[in-house]
Amino acid sequence: MPSAAPPPVEAPAPSDDRRSGGFWPAAGREALGALVALALSVIALRHVLATARAALVWYDGDSVLLPLVLRSVQLGQPFEWAMSPALFFFPELPVYLLCAAVTATPQQALALNGLLVLLAVYAIVRAAANELMPAARRSARVAVSAVALGFLTLLVLTDSSSIANTLELSSLMLTTTYYYGVVLAMLGTAVLVLRAVRLGRVSVPVLVVLGLVAVCTTASNPLYVPWSAAPVVVTLVLLALGRRVPWRPVLVLSATVTAGSVIGYLLRIPLRPFVSLDPSTYVDPSRAPETLRFFAALTDVRAASAAGDAGLLLMFVGLVLAVGGTVWAWRVRTSRTVLVATALPLVTIVAVSVGVVVAGSDTARYLEPVVTAPLLALVAVAELARTAVRTTRVHRPRRGLRTGLAVAAAAVLVAGVAVAPATASTVATARYDPATCLDRWAHGRDVVGVGQFWTVRPLAAYAARNVQLLQVRDTFETYPWLVDLGAYRGASPTFVVVGSGDVWTRAVEDSLGTPATITHCTSFDVYDYAGTAGATTLRTTVVDSAEAILRERGF
């Protein structure tokens with residue numbers, strides 16, 4: 001095997017305390033960067049909650065999963081959940097439980113969770129800046145990290161619909177069930193790889209953390225493999241073949257990520273009772289042409305508004321940063337960390353885009369890395385630009401640039417402070433009115449009912465504790481998707497929630513007979529079968545089908 005050419009010497013990490021005048025000035029710069037990041041996160045959250053996108057964060061059938069998990073635990077129900085291939089055990093569930101512990105309502109917990117995710121993005125990008133810009137001043141690294149989060153915030157500001165399956169991808173980071181955990185793991189994995197590449201060796205702590213991230217994330221959500229593990233291995237091997245990165249760290253890092261992913265998959269075997277569908281069922285290459293047409297249609301829809309055009313333009317800018325940065329870094333033979341940081345997002349974007357088409361998927365959120373991976377390329381390009389400027393006679397930062405960044409930071413802080421009260425008020429006073437109507441109907445009674453997925457799930461999450469709702473198909477059989485099957489054991493449902501958008505195989509009254517009463521609420525009706533023969537039919541159909549599913553799963 002040919003040995004790699006000697007790479008450019010990596011700059012050592014600077015002594016920031018010495019260069020910036022001591023600990024407190026350095027801490028002040030970090031605090032300012034964190035405040036700007038918090039302001040950007042509040043601005044993004046405010047925009048989402050002020051638009052129809054709020055329904056996706058708070059009341060979507062998928063988004064209320066973790067509030068339903070917490071509610072089930074609080075009610076003491078058996079933990080016999082039927083999840084999707086994504087289990088959300090790491091990091092989503094622990095993070096949400098912490099948010100719920102310090103908030104009073106599911107809306108508050110979900111909003112806090114979204115805010116923390118954006119702050120986590122800043123923290124990870126800030127760590128990446130340390131690896132990519134070791135010779136730069138602390139203020140420069142802080143500024144670039146804030147600019148990267150600002151780029152993501154601008155993307156969020158272009159999203160406004162209540163529909164999940166669109167090219168409005170960046171705002172999905174503020175939800176708890178649209179894979180933010182894998183995105184954070186993807187960025188975190190990249191930082192660990194960059195650190196090992198910069199040092200030229202792989203330390204034991206880096207290997208341990210990298211392996212744990214791969215194991216835990218893959219066990220919880222197998223998307224980690226195509227989104228992070230595979231692009232990392234491919235990128236490192238390609239750069240090693242090009243003699244830009246030494247083979248030793250490449251092999252060790254690749255082996256660690258691969259082994260971690262394999263162990264994560266093996267851990268999914270004992271977790272199989274919780275998985276409703278095998279990930280392989282999502283792959284159908286024969287539908288690739290249909291997938292291309294589907295995403296072409298989504299692009300047309302996205303381009304139908306000025307905000308959509310801006311979003312597409314920003315996505316294109318991200319792609320340009322990855323492509324242009326890779327070419328630039330390759331041609332100037334810059335530090336290997338910068339080259340890895342530009343090539344990895346490019347490989348990730350290509351792998352994810354091609355993978356979605358080859359898999360025949362019509363789910364837009366699988367393209368989420370397209371809007372998040374370029375954040376690493378943005379930092380890398382900033383370092384390329386800084387290095388290029390330093391080779392000229394005028395190597396000090398121009399006063400205009402410093403002034404511009406200061407003005408931008410001040411504007412962000414002012415905007416963040418301005419929207420914070422309204423954001424806090426919106427979160428604190430948020431109520432789900434349809435659930436209030438259902439609670440009034442129940443009038444404090446302990447009741448159990450059934451309904452279809454999109455109608456019943458937000459009601460189940462926000463209704464009072466005395467109101468329990470079970471998810472069924474249009475035939476009244478149990479629908480084992482993102483629900484606690486333990487709640488069906490011995491249940492005695494007596495009413496049906498009929499949503500305005502529900503489609504039933506047969507009319508509810510044809511299946512169960514005439515209800516005792518019908519109560520009208522906004523967007524749904526309550527068919528009460530208490531004391532009628534329909535209640536017996538309902539209980540038999542729901543409970544028997546649930547028991548069969550429980551036996552099949554081995555609970």
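**Reading the disulfide, the sheet and a pocket**

Modeller: In this model, which is predicted, C437 and C521 form a disulfide, with their sulfur atoms 1.9 Å apart.

Biologist: What is a disulfide in general, and how many are counted here?

Modeller: In general, a disulfide is a covalent bond that joins the sulfur atoms of two cysteines. Two cysteine sulfur atoms are taken as such a pair when they lie within 2.5 Å, and by this rule the count comes to one disulfide.

Biologist: Which parts of the chain does the pair of C437 and C521 tie together?

Modeller: C437 belongs to helix α18, residues 433-442, while C521 belongs to strand β6, residues 517-521, so the bond ties together parts that are 84 residues apart in sequence. The torsion about the S-S bond of C437 and C521 is about -75°, so this disulfide is left-handed.

Biologist: Are C437 and C521 buried or exposed?

Modeller: A residue counts as buried when its relative accessible area is under 20%. C437, with a value of 13%, is buried, and C521, with a value of 12%, is buried as well.

Biologist: How do strands of a sheet pair in general, and what is the order of the strands in the open sheet here?

Modeller: Strands of a sheet pair through backbone hydrogen bonds, in either a parallel or an antiparallel sense. Here an open sheet of five strands runs in the order β3-β2-β5-β7-β6, with mixed pairing. β3 (467-471) and β6 stand at its edges with a single partner strand each, so one side of each has no neighbour in the sheet. From one strand to the next, the twist averages 25°. Strand β2, residues 447-451, pairs with β3 in the parallel sense over five bridges, and V450 stands opposite L470 in β3.

Biologist: What lines the second largest pocket?

Modeller: The second largest pocket holds about 960 Å³ of space and is lined by 39 residues, with Y179, L223, Y282, T363 and Y366 nearest its centre. By class, the lining has 28 nonpolar, eight polar and three charged residues. Its largest share, four residues, comes from α14.

Terms used: Residues are numbered from 1 along each chain as its sequence is written. This is a predicted model: local features need pLDDT of at least 70, side-chain atom pairs count only at pLDDT 80 or more; totals for chains, interfaces and linings use all residues. Side-chain values use heavy atoms; hydrogens and water are left out. Helices (H or I, at least four residues) and strands (E, at least two) are DSSP runs, numbered from the N terminus. Buried means under 20% relative accessible area, exposed over 50%, partly exposed in between (1.4 Å probe, protein chains only). On a 1 Å grid over the protein atoms alone, a cavity is a set of points where a 1.4 Å probe fits but cannot get out, and a pocket is an open set with protein on both sides within 12 Å along at least five of seven lines; lining residues have an atom within 4 Å of a point. Grid points are joined across faces, edges and corners, and a volume is the space filled by probe spheres set on the points. Ala, Val, Leu, Ile, Met, Phe, Trp, Tyr, Cys and Pro count as nonpolar, Asp, Glu, Lys and Arg as charged, and the others, Gly among them, as polar. Two strands pair if DSSP finds at least two bridges between them. Axes are lines fitted to C-alpha atoms, for helices over the stretch in contact, and angles run from 0 to 180 degrees between N-to-C directions.
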